[in-house]
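Trainee: I have a model open and would like to learn how to read it. Could you walk me through its features one at a time?

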Amino acid sequence: MNEYKVTVKNGSMVILTDIIKAEDEREVLGTLLINSELFNQPFTDIKILER
């Protein structure tokens, strides 16, 4: 498992920043979209960086 720092923005406003443990970026994205407050919320950018 790796740790990923995730930043989600809607335009210039940061709406979420989190650390997620996952096997790869695809798992991070799935976890982020299903298990977070982003579900049914608009956003423009997702940045996923391995720590």
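Predicted model: local features only at pLDDT ≥ 70, side-chain atom pairs only at ≥ 80, totals over all residues.

Trainee: Then let me try the cut-off on Arg51: is Arg51 buried or exposed?

Mentor: Arg51 has a relative accessible area of 61%, so it is exposed. Its salt-bridge partner Glu3 has a relative accessible area of 31% and is therefore partly exposed.

Trainee: What is the general idea behind a salt bridge?

Mentor: Side chains of opposite charge can pair when their charged atoms come close. In this structure there are two salt bridges. In the one between Arg51 and Glu3, the closest N and O atoms are 3.9 Å apart; the cut-off is 4 Å, so the pair counts.

Trainee: Which parts of the chain does the pair of Arg51 and Glu3 link?

Mentor: Distant ones: Glu3 sits in strand β1 (residues 2–10), while Arg51 belongs to the segment after β3 (45–50), and the two are 48 residues apart.

Trainee: And which side chains meet in the salt bridge with an N to O distance of 3.1 Å?

Mentor: Those of Asp24 and Arg26. With 23% relative accessibility, Asp24 is partly exposed, whereas Arg26, at 68%, is exposed.

Trainee: Let's step back to the whole chain. How many helices and strands are there?

Mentor: The protein chain has one helix and three strands. Read from the N terminus, the order of elements is β-β-α-β.

Trainee: How do I read the way strands come together?

Mentor: The general idea is that strands of a sheet pair through backbone hydrogen bonds, either parallel or antiparallel. Here the three strands form an open sheet with antiparallel pairing, in the order β2-β1-β3. β2 and β3 are at the edges with a single partner strand each, so one side of each has no neighbour in the sheet. On average, neighbouring strands of this sheet are turned by 20° against each other, direction ignored.

Trainee: How many bridges join β1 and β2?

Mentor: Nine bridges, with the strands running in the antiparallel sense; β2 covers residues 13–22. You can follow the pairing residue by residue: Val6 stands opposite Asp18 in β2, and Lys9 has Val14 of β2 as its bridge partner.

Trainee: What should I look at in the hairpin of β1 and β2?

Mentor: Look at Gly11, which takes a positive phi near 70°; the hairpin has two residues between its strands.

Trainee: Where does the helix go?

Mentor: Helix α1 (residues 25–35) packs on the sheet and touches β1, β2 and β3, with its direction at about 125° to that of β2.

Trainee: Where is Lys47?

Mentor: Lys47 is in strand β3. Leaving out residues up to four places away in sequence, Lys47 touches Lys5, Val6 and Thr7. Lys47 and Tyr4 are 43 residues apart in sequence, with 9.7 Å between their C-alpha atoms.

Trainee: What does the radius of gyration tell me about the overall shape?

Mentor: A compact globule of 51 residues would have a radius of gyration near 10 Å, and the protein chain has 10 Å, so the two agree. Along its principal axes, the C-alpha trace spans about 30 × 20 × 15 Å. Buried residues account for 22% of the 51 residues.

Technical notes:
Residues numbered from 1 in each chain as written. Heavy atoms only, no water. Helix = DSSP H or I, 4+ residues; strand = E, 2+ residues; numbered from the N terminus. Buried < 20%, exposed > 50% of the residue type's maximum accessible area, 1.4 Å probe, protein only. Pairing = 2+ DSSP bridges. Axes fitted to C-alpha atoms, helices over the stretch in contact; angles between N-to-C directions. Contact = heavy atoms within 4.5 Å. Rg over C-alpha atoms; globule rule 2.2 N^0.38 Å.
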